[in-house]
Each structure stands twice: as structure tokens, then as C-alpha cells.
Amino acid sequence: MALDEVKITQAIVERFTEKLKEALELDVAVVGAGPSGLMAAYKLAKEGFKVAIFERKLSIGGGMWGGGMMFNEIVVQEEGARLLKEIGVEARPWQEDYYTADSVETVCALGYAARKAGAMIFNLISVEDVMVRKDRVVGLVINWTAVEMGGLHVDPLAIRSKYVVESTGHELSVLHIMQKKLGVQLMTPSGKIEGEKSLWADVAETTTLENTREVFPGVFVAGMAANATFGSYRMGPIFGGMLLSGEKVAQEIAARLKK
Ligand code: 48F
């Protein structure tokens, strides 16, 4: 059979359109495909919920690829090692409660686990706004990252979702948009984004989990975004908290969806 370039094109356009149409009505929309967002999507999809991740960049994985300062190894604690094992990554014990894993292997495994569980992953798409109805976020406003980068005057499209996971890491881009555009009152001590503090791995790892929660009706924060929202510390290249935060946000949203 002679290959036909137009058929190749038709196949791509048709399949992508199917996928995007499928993602227009979601149980959970995850913003940002870093380790916490990928883990959240994997866990929710595994429970049978309809989940899609929207990632601004070409690559998924967020800040995990480069390990610490481009030494492409990550550190996790025992609890994090449990989650890595679940997705097929054997973390190597180093000392006491320190385990290491290859950061490239871990990103690939997270992406593979999320996809195989049924989560849809859209790269090159930026979330530029949210939809709010009756004081609740009910969906996302999305556009091609290329439109954002080019500063092009092109209107976005919309996704309806019962819940949104804000897992955009240090940027905290969805909440910043909500604060700026809507001036909303968040469920934080000041009602605003508290902002991220400097490096303190021990405290940050614990608070990441505590801070993984609903911050506005319909919106949960996870991963580094959770600490940036509630004014806690950054943790550097230890990733157990990110994975556990993804697991926790999935459990909390799943419990709400099952009600
Ligand atoms: O930063 P990121 O990896 O978030 P995370 O899951 O993990 C944090 C760690 O990587 C590290 C750390 C822990 O040790 O401190 O930094 O909390 O991934 C966030 C992803 O969100 C994407 C961004 O490109 C990145 O891949 N992102 C940010 N804003 C948007 C977005 C947006 N508006 N729309 C879509 N994606």
C-alpha cells in the first residue's frame, strides 16, 4: 500500500478531534503535568473518572526531568518509594529514609501510568482563564501555547469540569489569574495567595500534604502550588511530597465525586 500524506493528515486530525471532543466535559481537569498533576490524573483515572491534563509545554514532567541542578536523579522518602513502585519504578534505598530514582525514568513512568489508566494528556495547551458560575469554578478556558507565545489575538475555547486541580507548581498560574481577574476570596488565612517561602525541605514536604486541599469551590491545589498558595516553603529536588500530594488530591476529589 502506497502511503498517502493526506490520509496521514486526516488520521491525525480526526483522532485528535475525537480526543478533544471527549475532553470537553470532564469529571476532573488537571492543569499542569508535573509530578503532582500526573499522579493525580493517574489515580483519578484508575478510579474510573474522566480526567484530562492540560500542559502548557511540549513536554510533560514539569520540574522533574532535571533532578537537582541537572543531576538527573530525584530523592523520595519511603512513602514516595511506595508510589513509585506502583507505577513500575524501583527507587533505590540510599540511607535511612532516603531513596533515589532516575528522574527521566520517573517522568516516563508517570506519563505512561496516567495514559494507561485512561487520563487524556494535552500538551502545548495553556489554561488562560476559568469559568465561574454561582461562586464555583465549573471549567477552564484554554488556548494553544503558541497563541500565548506569539501574543496572537485569538479567542480561546472552553472545557467544562466538575473539579479542577491547580498543579502548576511555583507559577501557580490558575490561582493568579483568578485572583487578578475575579478578585476572588480564597480559602487561605488572608483570603489571597500567601506566596512561597525559601527552601526548607523537611517542613515543606509535610506542609505540601497539609496544603493539598480545596482553595475555592471546585478548585483543589496540589504539589508545589499547594505550598505557594498557603505560604509554605519550597522543597528542592525531593519529590515524595509531590507524588503524595497527587495521591491525596485524587482521594479527596474522588470522595466528593462519589457523594
Ligand atoms: O512545576 P511542576 O513540576 O509542578 P509540581 O507537580 O512539581 C514541582 C516540582 O517539579 C519541583 C519542586 C518539588 O520538588 O519544587 O518544582 O508541583 O509542573 C507544573 C507544570 O504546570 C505547567 C508547567 O508548564 C509545568 O509543566 N503549567 C504552568 N502553568 C500552566 C501550565 C498553565 N496556565 N496551563 C497549562 N500548564
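Me: How many aromatic pairs does the structure hold?
Reply: The structure holds 6 aromatic pairs. Rings of Phe, Tyr and Trp (its six-membered ring) pair if their centres lie within 6.5 Å; planes under 30 degrees apart count as stacked, over 60 as edge-to-face and the rest as tilted. This is a predicted model, in which local features need pLDDT of at least 70 and side-chain atom pairs count only at pLDDT 80 or more, while totals for chains, interfaces and linings use all residues. Residues are numbered from 1 along each chain as its sequence is written, and side-chain values use heavy atoms, with hydrogens and water left out.

Me: Why is the pair of Phe16 and Phe122 called edge-to-face?
Reply: The centres of Phe16 and Phe122 are 5.9 Å apart and the planes make 85 degrees. The limits are within 6.5 Å and over 60 degrees, so the pair is edge-to-face.

Me: Why is Phe122 called buried?
Reply: Buried means under 20% relative accessible area, exposed over 50%, partly exposed in between (1.4 Å probe, protein chains only). Phe122 has 1%, so Phe122 is buried. Phe16 has 27%, so Phe16 is partly exposed.

Me: What makes Met1 exposed?
Reply: Met1 has 91% relative accessibility, which is over 50%, so Met1 counts as exposed.

Me: How do you know that Lys197 sits over the ring of Tyr233?
Reply: A charge sits over a ring if NZ of Lys or CZ of Arg is within 6 Å of the ring centre and within 35 degrees of the ring normal. The charged end of Lys197 is 5.3 Å from the centre of the Tyr233 ring, and Lys197 counts as sitting over that ring.
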